[in-house]
Structure formats: structure tokens, C-alpha cells
Amino acid sequence: MLLREFDPNSSAVINPWGLIRPIPDCPRVAVSCFERSTFERMLARLGGEEITQIKKANLKTPVYQTRYKDTEIVLFEAYVGAAGCVGALEELFAVGVKKLVLFGTCGVLNKAARDCDVIIPTAALRDEGTSFHYAPPSDEIEVNPKYREEFIEILNSHQCTYTQGKAWTTDAFYRETAEKMARRKAAGCVCVDMECAAVAALAQFRGKDVFQFFHGSDCLDGGDWEVWGLSQDANIAGKDKAALLALELAVKLAEGTD
């Protein structure tokens, strides 16, 4: 099986550090999210100077430097999908970022959760391909081995409800069938996303500190799909609160960064 051919060599034929120039004095901590409108509101509120761009065949994504509570932070809009997301983060790390807080929407697999409730993934089922190029084959990978307690402190201080559990990471969102859903729930999954397992594998492989969290945006627990706040313009207050939580954690991460 091709996905069992894991090669632990950290150098490949094409390497991000061969294409990307480090930025002198680049902030060591970054905050990134997947939803465009949430990112735009963060940038509008904090302001920021463009310091570089992540360039792909059909996209250019600006990377900004900003300040929150006297802490210099990189702001970057994440790519959707495991392969694109990991490729962009490889380049972000090559620029000089050492630690990352990454957040975004997810599908909820338990109706007990509410729209925009915070979900902290503790592990991810690897139902995508990218992670298998960064970690030996397995069904699951650990997520967020560090900083959970620090983040929970922040959640409690902001009176946020939250859930911890496994994420089901899959590239094929139009193939999230009822049969698969039941199996993933039985395996302990509380949500479904597209990038978590791959990002966790990248962090492990490259030795970077990455903390990921979600806020529920739609519900797949039951016979009908419930959209909740999946739309870009829905539940803005809840999404902006998630952005605030990410920035608060970034400040904590920066305290321990050289």
C-alpha cells in the first residue's frame, strides 16, 4: 500500500527552506484561521504590515505582522484542505515562525454541542493522505500534546464552554456518509474537519509547536444536516470570540519563545 511507504528523511527533492527566504526579526508566533471573513475582521481590528506572501500556482496569500497586547504576532489566512494547508505552513515555518495557533470551523458529531462552542482535538483519525508523508502509518495521531491546560485556563477566564475529543479528518466532505459517521462516533470522534491530522503530523515531523482548536459551525449528528453558523456572515460574535481566544493563547506561547 502506497501510504505505508513512509520515509523519515527530513530532506526531500524540493524543500521549503530552498525556496523561501527567512525574514529577519520575524515574530516567532503566528495565528491563523480558515474562515475568510473572520480573518478579515481580525486584520481590520488589529491592523498589520504585509511582510511576505505565500505563493501557489493560482493563489497569493499575504502574511502580516501585527501586535496584540504588546506581543508581535504573524497573521495568516490558512488554506482549506490538508495538502494545501500543510504546504503553506511549511513555507510559514521557513519564513521564521516557530509556534502556531490554528483555528476554524468544524462539523459537530454530537448535538449536545452548540453553534460556535469550542472543541479541543486531542487526537485525529487520519482519513486523508497528507499526514502519511509526515508520520508513520496509523489510524490516529495525537493532537495538541502541549498547551491544553493553558488554553483551558483562557476558556474558563472567558466563561467559554468547550469539549475535548477526537477529530475525524477527511478530505472528502461529500463522502461523509451516515455509515462512516456512525463508525467515527463509535471510535470517539466529536467533530469532523479537513486538516487537523495532517497539521498535527507536520508539527510532529518538523518539531514545531502547533495548537489547533475548532468552533462548531454545522451539525451532522442526526438524519438532517443542520447548517448552524457555517455561513461567512453567521454568528459573527461567536467567531470573533474564537479569534480573541486564539490571540490570547498566542501571547502565552510567545512568553516561552526565544
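## How spaces are found

On a 1 Å grid over the protein atoms alone, a pocket is an open set of points with protein on both sides within 12 Å along at least five of seven lines, while a cavity is a set where a 1.4 Å probe fits but cannot get out. Lining residues have an atom within 4 Å of a point. Grid points are joined across faces, edges and corners, and a volume is the space filled by probe spheres set on the points.

This is a predicted model, in which local features need pLDDT of at least 70 and side-chain atom pairs count only at pLDDT 80 or more, while totals for chains, interfaces and linings use all residues. Residues are numbered from 1 along each chain as its sequence is written, and side-chain values use heavy atoms, with hydrogens and water left out.

## The second largest pocket

The volume of the second largest pocket is about 490 Å³. It has 22 lining residues, and those closest to its centre are Ala12, Ile14, Glu90, Tyr134 and Arg206. H1, helix H3 (82-95) and H6 each give two or more residues to this lining; helices are DSSP runs (H or I, at least four residues) and strands are runs of E (at least two), numbered from the N terminus.

H3 supplies the largest share, three residues. By class, the lining holds 10 nonpolar, six polar and six charged residues. Here Ala, Val, Leu, Ile, Met, Phe, Trp, Tyr, Cys and Pro count as nonpolar, Asp, Glu, Lys and Arg as charged, and the others, Gly among them, as polar.

## Isoleucine 14

Where does isoleucine 14 sit? Its place is in the segment before helix H1 (16-19). Isoleucine 14 is exposed, with a relative accessible area of 65%; exposed means over 50%, buried under 20% and partly exposed in between (1.4 Å probe, protein chains only).

## Helix H6

Helix H6 (residues 196-206) is largely enclosed by the rest of the structure, because eight of its 11 residues are buried. Among them are Cys196, Val199 and Leu202. Just after H6, glycine 207 takes a positive phi of about 70°.

## The cavity

The structure holds one cavity of 30 Å³ or more, and the largest cavity has about 40 Å³ of space. Its lining includes Phe34, Asp193, Glu195 and Cys196. Strand E5 (99-108) and strand E10 (209-219) each supply at least two lining residues, with the largest share, three residues, coming from E10. Six of the lining residues are nonpolar, one is polar and two are charged.
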